[in-house]
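Let us walk through one structure, step by step. Keep the 3D view open as you read.

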Amino acid sequence: MAATAAPGGGTPPVGAPGDGVPYAVELRGITKRFPGVVANRDIELRVRRGEVHAIVGENGAGKSTLMKTLYGMHRPDEGTILLDGRETTLRSPADAIAAGIGMVHQHFMLADNFTVLENIVLGSEPTKGGRLDRAEARRRIREISDRYALGLDPDELVENLGVGDRQRVEIAKVLYRGARTLILDEPTAVLVPQEVDELFGNLAELKREGLTVIFISHKLDEVRKVADSITVIRRGTTVGTADPRTTTSRQLAEMMVGSELPSPHTRTSTVREAAVLQLSGVSVASTDGGRPAVDDVALTVREGEVVGIAGVEGNGQAELVEAIMGLRSLAAGSVDFAGQDISTWSTRARREGGIGFIPEDRHRQGMLLEAPLWENRILGHQTRPPAVKGPFIDRKGARSDTERIMREYDVRAPGPDTLAHALSGGNQQKLIIGREMSSAPKLLIAAHPTRGVDVGAQSVIWELLKDARAEGMGILLISADLDELIGLSDTLHVMLRGRLVATLDPAALTPEELGGHMTGATDSAVGAA
Amino acid sequence: MTALRRIGTSLAAPALAVVVAVVITTLVILLIGQNPLTALQVLVDFGETPAQQTQAIVVILNRAVPLFLAGLAVSVAFRMGLFNIGVEGQYRMATVIAAGVGAAVVLPAPLHVLLIMVVAMAVGALWAGIVAVLKVTRGVSEVISSIMLNFIALGTASYLLTGPLRGSPEGAAIITTKEIPESGRFPAINGLFDVLGLAQPRGQLFGFLVVAVLVGIAVSVLLKRTRFGFDLRATGLSPSAATASGIDARRMVIKTMLISGAVAGLIGLPDLLGRTHSFGTEFTAGLGFLGIAVALLGRNSPIGIAFAALLFAFLDRAAVPLQFADIPASVVTIIQGTIVLSVVVANEIARQLTRRRAEHSTGQAAPPVQEPAGPAGTRIDARQEAGA
């Protein structure tokens, strides 16, 4: 379906939009090759001035390569870039900035111990007599903040800001440098629902002021909510454009993956009697000595059961997971695994005993980014075949098992010797899941298993979890994706300020209701668990 | 990415560093009004007769053996992200005590040598173990504690030498421990030259060369092929991921420092068992610090360290002949210093190139890596978790 217009029509094929004004950004036939692979092929993109244009595609589809091209981080092998109708060559990000293009990265690049003002001006400081002209900087930042309703206090320290505010600082940074076209790379990945709404409010302001926003995402509901037009990328090339008003998320997703989609829903219960994990009175002290991070938590995961834990991030979920894995010591309570008290077991003993672990931050806890895939296959399984033989590493065994995982779990990479950081997030995650599944654990602790993962990989991961559950694996699922929680869980707990405040039946629950519980708004109405 | 290309990349950085160092040194020699070509001539001039030439080789090899062991000791800790700056103190303590024990006992030859080696390794490990224990129980940075322990080691070694272990007569200019008897000496392997059909040199080639090679192989196998080595490297690459995978970071710190210290304990033995037969005020100093440089240059791989040690030894040999040519011997130190500095820079560049190539090979953008792991250059904060 490469050249066909997508559902709901799209933009005219050549030239300018009907009104004669040239496109803010137009890419024609962009192709970018890397040794052995074509990352982008015949990309066609037309973005009108003053619109929010979404680019959607799976991770690894080539969105980032395309954005790097547009931000001058590398030059395309073929094709032309037109900005406001003029052909432009971008040799570096500095060129792009000069041409009015700004990039807001997914990972914030802010100095915590600097103020908002210092962060924004860093690198293009207004000076007076060789010194930073704070008054001038403050004036301009206030002006930008007011104009686009960013609500920034120039003198606040960045370390005191929440994620949403930090993102607005990043946006202000780009606006300060005179950007007329903003590229936002997965801006909602780090935000909670309320912050997402705020961000969309900000984008509307930008649009109202005539700025152009290119919004990269794979969260289709959000894209439909915020975008004026959508371009879909699949396997390195644009497969069409869509009108968000007339296209459903499902249609979009099918354009992205090129096939029909599964849903997270599992309805037939496979829950058995025997408990694999039983927490009673588990408390974990917080690092800053305040109220406990986890406070008197009791829950049971049975064989074949998915127990979901919902909650706004930072309410003790991470600490709870670490306590179960033995990475954090208990202040009180006990952890029972398959009938044994494992509270004093080491992490390794717990893993050997049959607990699989998908950590929430795969870069920090799940992978050795600078090591090849086969070494990552060994990580966490250092004591078990096929990775090891006695005290020695079984390189051959590890390599061939890595190949098996790559095959069975559709990990797209050149081979087991590829370094892990060369893989996209979704492929890294599939490797981790394949690794954890390969030892057939009795219990799987899955923290945000589909975070930062594209639709295609997400559905694969959901299928894997469902299969595992059907085979009798107990799964503790921690997630911020409400659909995922409701769809996969047999039992759903809500965690708030370290406590489980509600136990809900996912069969009769809407995401809106769940969201209410997560913020504590409907606490008393349902009653604590 | 073929193996050939990988090797190419790993060689490029040190080669570049050597070139940069040569350029800088040339400038320095020009600045002091001497001819750089003369210096170069001296560096590569091994003498006229075959015996002189093999003698030069012996000097280089004898110097390279302790340097190799020192680099190895440092690299084991580096691989886990630990900076064992204390190798200097570890080998001094180990050598003085091993010299004392070796002189005090009489045993059949092989056992005597073995005992001295075991004592040296045990003392080295123990001294490094203090650093590890401080780190895991009290969170003391190993950089600080191992530097401080160096001072204590130097002081203690002097005390032992002038006090309980003193063997030289009262009032002698050079204070030494008692001589180790014949049975506790490591035989030279000059037979090698006959086997190879080369002229016999004046000096003796340290038999300890064989031990060093074996230790190098053992460390290489340990790091690359064993579970323990995997745990060690994993901790070095990402302490948080290692902990999550079930590696006990504290235990790893202790085990790694013990191994590093044990290897460090061997550093003084080639000289002690092959030449001086006693520890004294004139005993070779500074090998521990040079070991850090050698490990950096060799990119923490045993083979790389072997080449780095040979290069340093090759440069050191020229120290005396350079003075005959009216060029200060410190030229050698300048070359070594600039090599190390440029290799640190070059390693970082090479690492980024490798990364970029890896990204290109899949055509995917990798997220910025938060902790710049990599050849033991820059990470101090990231490692604190390991021991905290």
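Start with strand β13 of chain A, residues 275–284. It pairs with strand β16 of chain A, residues 332–337. Five bridges join β13(A) and β16(A), and the two strands run antiparallel. This is a predicted model, so treat each pairing as part of a prediction. For one facing pair, find Leu277(A): it stands opposite Phe337(A) in β16(A).

Now stay with β16(A) and look at its other partner here. Strand β17 of chain A covers residues 340–341. Two bridges join β16(A) to β17(A), again in an antiparallel arrangement. Asp336(A) stands opposite Asp341(A) in β17(A). How many residues lie between the strands of this hairpin? There are two between β16(A) and β17(A). In this hairpin, Ala338(A) takes a positive phi near 50 degrees.

Next, step back to the domains. The domain assignment of chain A gives domain 1 as 262–354 + 441–529, and domain 2 as 362–440.

Where do the two domains of chain A touch? The contact takes 14 residues from domain 1 of chain A and 13 residues from domain 2 of chain A. On the domain 1 side, two elements give two or more residues: α10 (347–353) and α15 (455–470) of chain A. The largest share of that side, five residues, comes from α15(A). What classes of residue make up the domain 1 side? By class, it has nine nonpolar, one polar and four charged residues.

How values were computed:
Residues numbered from 1 in each chain as written. Chains lettered and ligands numbered in written order. Predicted model: local features only at pLDDT ≥ 70, side-chain atom pairs only at ≥ 80, totals over all residues. Domains from an automatic or database assignment. Contact = placed C-beta atoms within 7 Å. Helix = DSSP H or I, 4+ residues; strand = E, 2+ residues; numbered from the N terminus. Nonpolar A, V, L, I, M, F, W, Y, C, P; charged D, E, K, R; others polar. Pairing = 2+ DSSP bridges.
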